[in-house]
Amino acid sequence: MQHPQIDIILEPLHINIIGITHKLGHNRYLIGLNPAYPLEILQRTLHHELVHVKQFQLGLLDKQTNGIDTWLGKPIDWHKPWASRPWEQMAEEETRQLYNP
């Protein structure tokens with residue numbers, strides 16, 4: 001398994017979005033963090049977003065060539081509430097267990 005290349009930037013996002021991970025290509029990712037939030041929140045959010053990189057690397061989360069995002073090989077229903085999305089639950093649980101400010 002190759003190590004991923006991860007670029008991290010501060011970018012203006014919707015006020016309700018603290019961070020976002022984009023898969024740019026094979027082993028390339030961009031994590032955007034919303035500068036409207038305090039550093040302490042951004043640090044925790046970075047850990048959360050790194051779990052998404054891990055999910056992509058393991059093939060749990062994926063972006064298909066047709067642009068459809070999948071979780072465990074099934075198309076993602078973006079209408080599902082954030083807290084009910086299994087990839088977000090996993091990222092939150094790992095962050096809760098491992099993140100130490």
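Reader: Are Tyr29 and Phe56 buried or exposed?

Author: Tyr29 and Phe56 are each buried, where buried means under 20% relative accessible area, exposed means over 50%, and partly exposed lies in between (1.4 Å probe, protein chains only). Please keep in mind that this is a predicted model, in which local features need pLDDT of at least 70 and side-chain atom pairs count only at pLDDT 80 or more, while totals for chains, interfaces and linings use all residues. Residues are numbered from 1 along each chain as its sequence is written, and side-chain values use heavy atoms, with hydrogens and water left out.

Reader: How many aromatic pairs does the structure hold?

Author: There are 3 aromatic pairs in the structure, a pair being rings of Phe, Tyr and Trp (its six-membered ring) with centres within 6.5 Å; planes under 30 degrees apart count as stacked, over 60 as edge-to-face and the rest as tilted. The ring centres of Tyr29 and Phe56 are 5.7 Å apart and their planes meet at 35°, so this pair is tilted. Tyr29 belongs to strand 3 (residues 28-33) and Phe56 to helix 1 (residues 39-58), and the pair links distant parts of the chain, 27 residues apart. Helices (H or I, at least four residues) and strands (E, at least two) are DSSP runs, numbered from the N terminus.

Reader: And the rings of Trp71 and Trp87, how far apart are their centres?

Author: For Trp71 and Trp87 the centres are 6.1 Å apart and the planes are at 50°, so that pair is tilted. This pair also links distant parts of the chain, with Trp71 in strand 5 (residues 69-71) and Trp87 in helix 2 (residues 86-98), 16 residues apart. Trp71 and Trp87 are each buried, and together with Trp78 they form one aromatic cluster.

Reader: Switching topic, how many bridges join strand 2 to strand 3?

Author: Strand 2 (residues 19-25) and strand 3 run antiparallel and are joined by 6 bridges; strands pair if DSSP finds at least two bridges between them. Ile20 stands opposite Gly32 of strand 3, and in the hairpin of these strands, which has 2 residues between them, Asn27 takes a positive phi near 65°.

Reader: OK, salt bridges: what does Glu92 form one with?

Author: The count comes to 6 salt bridges, each being a side-chain nitrogen of Lys or Arg within 4 Å of a carboxyl oxygen of Asp or Glu. Glu92 forms one with Arg44, with the closest N and O atoms 3.1 Å apart. Glu92 lies in helix 2 and Arg44 in helix 1, so the pair ties together parts that are 48 residues apart in sequence. Glu92 is partly exposed at 25% relative accessibility, and Arg44 is partly exposed at 30%.

Reader: Which side chain meets Arg96?

Author: Arg96 meets Glu93 in a salt bridge (2.6 Å, N to O), and because they are 3 residues apart in helix 2, about one helical turn separates them. Arg96 is exposed, with a relative accessible area of 55%, whereas Glu93 is partly exposed at 33%.

Reader: Which residues of helix 2 are buried, then?

Author: Those are Trp87, Glu88, Ala91, Glu94 and Thr95. Seen down the axis of helix 2, they fall within an arc of 135°, so they line one face of the helix; the arc is that of the directions from the helix axis to the C-beta atoms. The face turned away from the buried side carries the exposed residues Arg96 and Gln97.

Reader: What covers the buried residues of helix 2?

Author: The cover includes helix 1, strand 4 (61-63) and strand 5, where contact means heavy atoms within 4.5 Å.
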